[in-house]
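Have the viewer open and follow along.

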Amino acid sequence: MPRWHISNRRMPRGQLADVRRIIPGPERLAARSVIVPIESDLKGAAGVAGGLAGEQVRSFEMWWDAAESRLRFVIISDERDADDFERAFQVMYPNAAFGDMRETVPAWFERGSACRVFDVGTRHGHYATVFDETGGGGGHSLITRMASAVQSASHAWIQFVFARLDCTPFLRTHMSRLDARFMEINRGGYTSWGDEITGKKPRKHPELGYDLTSNYKGLKKHVMAKMQGAHVIMSMRGLVQGGGKDVDLPLDRVSTLSVDGIDSTYEHLAKFRYGYGRFYSDAKKSQIKVPGPRGARDHRVCIFESRHLPDPDQFFGRAISQYFDRGWLGLRGYQARRPMPFLILNPSEVPLFVHLPDPSTPNVETTRGVRLPSKPSEKTGAGIGFFDSLDDPIQRPGPAPEDAGAGIATG
C-alpha cells in the first residue's frame with residue numbers, strides 16, 4: 001500500500017507557468033532606485049520590515065547589467081502608493097537614498113529575447129513552513145549572497161512581489177484536514193478496497209508510524225503559527241540572460257529545517273526553472289487574464305512587467321487536494337503535489353527576503369556617491385571610483401554626496 005510522504009524523492013515542478021488568473025496589481029507603475037547605505041542596523045531593519053507590505057501590490061527588485069557593471073535595487077508600486085512604499089522602506093533603512101526612475105523595466109529587457117525564467121517555492125510542499133525568524137540559518141543576508149550570484153550572468157532581473165492577504169480560511173481548512181487524517185490513521189480498523197475484495201479483517205492503518213503521524217505535532221505547530229496575525233503572499237521570481245549556466249541562488253540557507261524529523265535533506269526553498277517560450281508566446285495556453293475590459297488578455301511575461309501576483313484562489317483548493325486526497329493505487333496525493341507559485345509569510349518573515357545587501361557587494365551604489373570596487377586593490381585600503389548619476393539626478397531624501405559622514409548609522 002503506498003505511504004503518505006512529507007518528502008518528495010523527485011524535484012516537483014512549479015506552477016508559475018500555469019497561472020491563469022491574477023489579483024489586481026499596480027495600475028500606474030512608479031519606480032524608485034534605492035542607494036545602499038554604507039552602514040545600517042540589520043537588527044533594526046529586520047524589526048520593521050514587516051511594515052513594508054501594504055494593501056497595494058509592491059515589488060522589491062534587483063537589476064543587474066554586466067555591460068555597465070551596475071547592480072541596482074529598485075522599489076516599485078502604483079504611483080499613488082509609491083510615496084508610502086518609500087517611506088516604509090526608509091523607516092527600515094534611514095540612511096538610504098532614493099531616486100526617481102523613468103523606466104520600470106531594465107533597459108536590456110526585450111520581449112521574446114532568450115531568457116531563463118525561474119520562480120521559488122517550498123521544495124517539500126509544506127506551504128505552512130515557518131521560516132527562521134532569528135537569522136540562525138543565514139537570515140537577512142539572502143540578498144547579499146544573491147547579489148554576488150547574479151553577477152555571473154550577463155543580465156538578471158529578480159523580483160520579490162508581495163501584498164497582504166488573509167490566508168486564514170485556507171490554513172484553517174488545512175488544519176482541519178490534517179487533524180482528520182491523523183485521527184483516521186490512529187483510529188484502527190483499517191480496510192482498503194483490496195481488503196474488502198479478498199475478505200481480509202480490519203487492521204492497522206498502513207501509514208501508522210510513518211511521516212504524517214511522526215511529524216503531526218510539528219506540522220500542526222507550523223500551521224497554527226502561520227494563522228497568527230497578518231499574512232503576506234510573496235512571489236519570488238526572475239529572468240536571467242547569459243552566464244553560460246544557471247545562476248545558483250543560495251536559497252538553502254534562508255532557514256533551518258524547522259519541522260523535526262521530516263524525511264528529507266532538502267532545503268525549504270527551491271528554484272523551479274521554466275522555458276521562456278512558456279511565458280512569451282501567441283499560443284492561447286500561454287496567456288493570462290488581466291484586469292480591464294471584458295476578454296482582455298496579456299502574455300504571461302506581463303507577470304514580470306506589470307508585477308502581477310497569481311490569484312491564490314486558483315491554487316489553494318488544488319494544494320489542499322494534493323496534500324491530503326488519495327486516488328486509486330496512490331496515483332494522486334502528496335507525492336504528486338506541486339508547490340504554489342508564491343510563499344505564505346507572516347510579516348515577521350518578510351525581512352528574510354526583502355532587505356538591502358551588504359555595501360561591500362561589488363558594483364552596488366552607495367550613499368557616499370561612490371561605487372565600491374568590483375576587484376580587490378593591490379594597495380592598502382579600498383579603491384574608490386565614480387559612477388554615472390541616476391536617471392534623475394535629484395536624490396530624495398538622503399545624504400548629500402559631498403557629505404563625508406553621510407550614510408553612517410549612529411544607532
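**Entry 1: ground rules.** I am working with a predicted model, in which local features need pLDDT of at least 70 and side-chain atom pairs count only at pLDDT 80 or more, while totals for chains, interfaces and linings use all residues. Residues are numbered from 1 along each chain as its sequence is written, and side-chain values use heavy atoms, with hydrogens and water left out.

**Entry 2: confidence.** I looked up pLDDT, the predictor's confidence in each residue, from 0 to 100. The protein's mean is 78, and 73% of its residues reach 70 or more. Where does pLDDT stay under 50? I found residues 255–266, with 29 contacts beyond four places in sequence, and residues 376–411, with 64 such contacts. A contact here means heavy atoms within 4.5 Å. I note for myself that where pLDDT is low, the predicted coordinates should not be read in detail.

**Entry 3: helix H2.** Helices (H or I, at least four residues) and strands (E, at least two) are DSSP runs, numbered from the N terminus. I checked the length of H2, residues 79–92: at 1.5 Å a residue its 14 residues should span 20 Å, and its end C-alpha atoms are 21 Å apart, which agrees. The expected span is 1.5 Å times one less than the number of residues. Next I asked which H2 residues are buried, where buried means under 20% relative accessible area, exposed over 50% and partly exposed in between (1.4 Å probe, protein chains only). They are Asp81, Ala82, Phe85, Glu86, Ala88, Phe89, Gln90 and Met92. Their cover includes helix H1 (42–48) and strands S2 (29–35), S3 (58–65), S4 (70–78), S5 (97–101) and S7 (155–164).

Entry 4: I found 19 aromatic pairs in the structure. Rings of Phe, Tyr and Trp (its six-membered ring) pair if their centres lie within 6.5 Å; planes under 30 degrees apart count as stacked, over 60 as edge-to-face and the rest as tilted. Phe85 and Phe89 make an edge-to-face pair, 6.4 Å centre to centre with 80° between the planes. Both sit in H2, 4 residues apart, about one turn of the helix. An α-helix has 3.6 residues a turn, so residues three or four places apart point the same way. Phe85 counts as buried at 1% relative accessibility, and Phe89 does at 0%.

**Entry 5: helix H8.** I ran the length check again on H8, residues 313–324: 12 residues at 1.5 Å each should span 16 Å, and the end C-alpha atoms are 18 Å apart, which agrees. Its buried residues are Gln314, Phe315, Phe316, Ala319, Ile320, Gln322, Tyr323 and Phe324. What do they pack against? I listed helix H4 (168–187), helix H6 (211–227), strand S12 (309–310) and strand S13 (343–345).

**Entry 6: nonpolar cores.** A nonpolar core is a set of buried Ala, Val, Leu, Ile, Met, Phe, Trp, Tyr and Cys residues joined through side-chain atoms within 4.5 Å. The largest has 54 residues, of which Phe170, Leu239, Tyr276, Phe279 and Met340 touch the most other members. H8 gives the most to this core, with 6 residues. A second, separate core of 49 residues includes Met62, Ala88, Phe162 and Val247.

**Entry 7: charges over rings.** I counted a charge as over a ring if NZ of Lys or CZ of Arg is within 6 Å of the ring centre and within 35 degrees of the ring normal. The charged end of Arg237 sits over Phe304, 5.7 Å from the ring centre. That of Lys271 sits over Phe118, at 5.5 Å.

**Entry 8: single residues.** Arg307 has a positive phi, near 60°, though it is not a glycine. I placed Arg307 in the loop between helix H7 (302–305) and S12, and at 1% relative accessibility it counts as buried. Asn363, also not a glycine, has a positive phi of about 70°. Asn363 lies in the segment after S13 and is buried, with a relative accessible area of 6%.
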